[in-house]
Amino acid sequence: MLPKLEQINHTRKRLGLTQRKLASMVDVSTSLINQIESGRSKPSYETARRIFEVLNDVEGKSAVKVGEICNRNIIAASPNDTASKVAELMRRHGFSQIPILDDNKALGLISEENIMHRMITGDSEIVGRTQISKMFDAAPPVVDLSTPSKAIIPLIRYSKAVLVSEKGKIIGIITAADLLKLID
């Protein structure tokens with residue numbers, strides 16, 4: 001299903017395209033783009049599809065990629081680290097969660113919430129000596145650095161972080177705070 005035709009004008013302007021440039025890219029007349037945007041003409045399904053494809057391509061090329069906003073200084077823990085060591089690492093760096101990596105492979109995510117839950121349900125001294133391999137959540141999703149940053153917004157809603165990779169190697173991390181950089 002295609003977006004509403006009213007979106008063409010808004011999207012074209014947001015992307016900084018003139019009617020002439022869009023018409024050239026779609027291989028239609030400037031007059032047709034003008035008539036569509038003003039509501040004086042309804043394009044064929046095929047023409048509308050081509051217009052939206054071109055707008056999506058331009059938007060994809062100009063969109064901020066995750067590689068541009070990720071934090072490349074990854075603070076991570078090892079599965080053999082103790083909860084005490086990880087808690088200190090989080091305090092020192094001001095993080096509420098950190099990934100668990102082993103040989104550049106994402107194993108999980110440990111958060112203050114995980115550690116606090118264990119402290120509530122058990123002896124805090126024993127929890128402090130417990131390896132985090134026994135208390136972390138599932139690994140965060142891993143996306144390629146060329147992924148448009150807006151595409152990971154739904155991932156951040158369900159995961160506390162997203163790891164960024166380049167050629168299979170984890171090179172960065174994005175949290176909700178990093179996505180706030182997208183607000184103009």
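What is the volume of the second largest pocket?

Author: This is a predicted model. The second largest pocket has a volume of about 220 Å³. Its lining is made up of 15 residues. Nearest the centre of the pocket lie Phe95, Gln97, Ile173, Thr175 and Asp178. Two elements, β1 (97-102) and α10 (176-179), each give two or more residues to this lining. By class, eight of the lining residues are nonpolar, five are polar and two are charged.

Asn104 sits in the loop between β1 and β2 (105-111). The phi of Asn104 is near 65°, which is positive, and the residue is not a glycine. Asn104 has a relative accessibility of 30%, so it counts as partly exposed.

Another loop holds a positive phi. Lys167 lies between β4 (162-166) and β5 (169-174). Its phi is about 55°, and Lys167 is not a glycine either. The relative accessible area of Lys167 is 80%. The cut-off for exposed is over 50%, so Lys167 is exposed.

Next, helix α2, residues 19-26. Gln19, Leu22, Ala23 and Val26 are buried there. Viewed down the axis of α2, these buried residues fall within an arc of 100°, so they line one face of the helix. Arg20 and Ser24 are on the other side of α2, and both are exposed. Just after α2 comes Asp27, with a positive phi of about 70°.

Last, Gln131. This residue belongs to the loop between α8 (124-129) and β3 (142-144). Gln131 has a relative accessible area of 30% and is therefore partly exposed. Setting aside neighbours within four places in sequence, Gln131 is in contact with Pro79, Asn80, Asp81 and Thr82. Lys42 is 89 residues from Gln131 along the chain. The C-alpha atoms of Gln131 and Lys42 are separated by 64 Å.

To return to the pocket: β1 and α10 each contribute two or more residues to its lining, and Gln97 and Asp178 are among the residues nearest its centre.

Conventions:
Residues are numbered from 1 along each chain as its sequence is written. This is a predicted model: local features need pLDDT of at least 70, side-chain atom pairs count only at pLDDT 80 or more; totals for chains, interfaces and linings use all residues. Side-chain values use heavy atoms; hydrogens and water are left out. Buried means under 20% relative accessible area, exposed over 50%, partly exposed in between (1.4 Å probe, protein chains only). Helices (H or I, at least four residues) and strands (E, at least two) are DSSP runs, numbered from the N terminus. The arc is that of the directions from the helix axis to the C-beta atoms. Contact means heavy atoms within 4.5 Å. On a 1 Å grid over the protein atoms alone, a cavity is a set of points where a 1.4 Å probe fits but cannot get out, and a pocket is an open set with protein on both sides within 12 Å along at least five of seven lines; lining residues have an atom within 4 Å of a point. Grid points are joined across faces, edges and corners, and a volume is the space filled by probe spheres set on the points. Ala, Val, Leu, Ile, Met, Phe, Trp, Tyr, Cys and Pro count as nonpolar, Asp, Glu, Lys and Arg as charged, and the others, Gly among them, as polar.
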